[in-house]
Amino acid sequence: MKIAVVGTGYVGLVTGTCFAETGNTVSCIDIDEKKVDSLKNGKITIYEPGLEVIFERNLSQGRLSFTTDLKEGIEGAKIIFLALPTPPGEDGSADLQYVLKVAEDLGPLLNEYAVIVDKSTVPVGTAEKVKAKVAEGAKVDFDVVSNPEFLREGVAVDDFMKPDRVVIGTTSEKAKKLMETLYTPLVRQGNPVIFMDEKSAELTKYAANSFLATKITFMNEIANMCELLGADVDAVRKGVGTDSRIGKRFLFAGIGYGGSCFPKDVQALAKSAEQVNYDFRILKSVMDVNEDQKTKLVPRIKEYFNGDLTGKTIAIWGLSFKPYTDDIREAPALYNIEQLLAAGAEVKAYDPEAMENVRNQIGEKITFCDDAYSAVNNADALLVATEWPVFRTPDFDKLSTLLKNKVIFDGRNLYTLEEMKELGFTYISIGRET
Ligand code: UGA
């Protein structure tokens, strides 16, 4: 099948590349000439494990192409995906200007029936708006479908190729058939393609992300209680997670959730609620708790140094919002850096992938180090902000020698209390005894 993907950001590029891998001919369109040039020349523009190899294969075998020309890109496409940014507007609601502009441009360009698919995370009612915009200029029949994406950065290829489920919002039989054909190769293990109306599909995405953010936040609050009561959040996590109604995943307490999705989507759903005069209290609390959680170790660091961080050097391990990505959007590490610098500390950091992005955002306000040990060399304390595997089993003897004080603030609970006690470290983590 010939398909088109408008927008070559994270979701667009993964979608386009993976659908080419299942044998479709995919044309990706983007207004950013530099990006399109780079992609055409085989240079991938995002860091995502496993993507590059299938990108190169499909590009060289001619199933994947890139253009800045919308007309050329959608020529002959039976399905046109919109994978465009929906950033939070000033009031927190999703800004639909990019989606609606492309919808408007698409109308007059359609020569034959096509399915237009909202892949971006968009508020309930967007499919209707897109339909109205396309209809303004369309001379042929078309359908607009909502098909939210559930992939996680870092494991996006796997999530795309082996989805837990595929949600397709449409009431058109013709669109249903085409979408089913496209997705069949991805659900061979029997994972469901769930059909529903457009609005329910749109809300499903927000509900899923907000539920997961709530699950994490709930555990973060339990962790805060553990600290006050002398319990251990790791034990509690195991105790509750083995209940199949709760599930083991997304129960890890830490220094809050970040990234380009959870913070934006929780906020957007809260905004949607406000717009229909519904007081969505849980979401407000989730945002509130996460705000505090992100920097909850900073007061502990200050306390350790008797309230004065002037002239102290804090080493930070991990800058991306989670491992296996260079994405630093809403990364807790950055909020910690901001507060540590404001308190007069110096910061030396190491991250396997995200240092360039941080440098582009904050410049040389902190020292970027070549590896984990250079970051701790002569530092007064270590703060672990992201659970990259490389930080999981460090050489603690080396750490003891390099650090000025044997103290670790661990925002991701990477080490066991027994090990830390045995090695003589002061170890402050989340939801566990210090
Ligand atoms: C999230 C969803 O998991 C995807 O299903 C969804 O498609 C995507 O948003 C999106 O809307 O595009 P992502 O933001 O890539 O994916 O990252 P996650 O792996 O979900 O992690 C989100 C945040 O939660 C991270 O900051 C992570 O550190 C934090 N987290 C996750 C915890 O603090 N504890 C956990 O147990 C799990």
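Strand 13 and strand 14 run parallel and are joined by three bridges. Within that pairing, Val 407 sits opposite Thr 426 of strand 14. Before I go on, please keep in mind that this is a predicted model.

Six strands make up an open sheet, the pairing is parallel, and the order across is 11-10-9-12-13-14. Which strands stand at the edges? They are strand 11, residues 367-368, and strand 14. Each has a single partner strand, so one side of each has no neighbour in the sheet.

Now, is strand 9 covered or open? Five of its five residues are buried, which makes it mostly covered. Thr 313, Ala 315 and Trp 317 are on one side, Ile 314 and Ile 316 are on the other, and all are buried. As background, side chains in a regular strand alternate between the two faces of the sheet. Strand 12 likewise has both faces covered. Ala 381 and Leu 383 are buried on one side, and Leu 382 and Val 384 are buried on the other.

What packs against this sheet? One element is helix 13, whose buried residues pack against strand 9, strand 12, strand 13 and strand 14, and also against helix 14, residues 332-342. Helix 13 covers residues 297-304, and its buried residues are Leu 297, Val 298 and Ile 301. Looking down the helix axis, these fall within an arc of 105°, so they line one face of helix 13. The face turned away from the buried side of helix 13 carries Pro 299 and Glu 303, which are exposed. After helix 13 comes Asn 306, with a positive phi near 55°.

Helix 8 can be described in the same terms. This helix spans residues 173-183, and Ala 175, Leu 178, Met 179 and Leu 182 are its buried residues. Down the axis they fall within an arc of 95°, so they line one face of helix 8. Exposed Glu 173 and Lys 177 are on the face turned away from that buried side. The buried residues of helix 8 pack against strand 4 (79-82), strand 5 (114-118), strand 6 (142-146) and strand 7 (166-169).

Next, the division of the chain. There are domain 1 (2-196), domain 2 (205-293) and domain 3 (295-428). The centres of domain 1 and domain 3, taken over C-alpha atoms, are separated by 38 Å. How many residues of domain 1 are in contact with domain 3? Four are, and they touch seven residues of domain 3. On the domain 1 side of that contact, two residues are nonpolar, one is polar and one is charged.

On to the ligand. There are 20 residues around it, and those that come nearest are Glu 153, Phe 252, Tyr 257, Gly 259 and Cys 261. By class, the shell has eleven nonpolar, five polar and four charged residues. Domain 1 and domain 2 each supply at least three residues of the shell. The largest share, three residues, comes from helix 9, which covers residues 198-229.

Last, a single residue, Gly 73. It is in helix 4, residues 70-74. Why does Gly 73 count as buried? Because Gly 73 has 21 C-beta neighbours inside 10 Å, and the cut-off for buried is 20 or more. Leaving aside residues up to four places away in sequence, Gly 73 touches Ala 4, Ser 27, Ile 29 and Thr 67. Gly 239, by contrast, is 166 residues away along the chain from Gly 73, and 52 Å separate their C-alpha atoms.

Notes. Residues numbered from 1 in each chain as written. Predicted model: local features only at pLDDT ≥ 70, side-chain atom pairs only at ≥ 80, totals over all residues. Buried ≥ 20, exposed ≤ 12 C-beta atoms within 10 Å, placed from the backbone. Helix = DSSP H or I, 4+ residues; strand = E, 2+ residues; numbered from the N terminus. Arc of directions from axis to C-beta. Contact = placed C-beta atoms within 7 Å. Domains from an automatic or database assignment. Nonpolar A, V, L, I, M, F, W, Y, C, P; charged D, E, K, R; others polar. Near = placed C-beta within 6 Å. Pairing = 2+ DSSP bridges.
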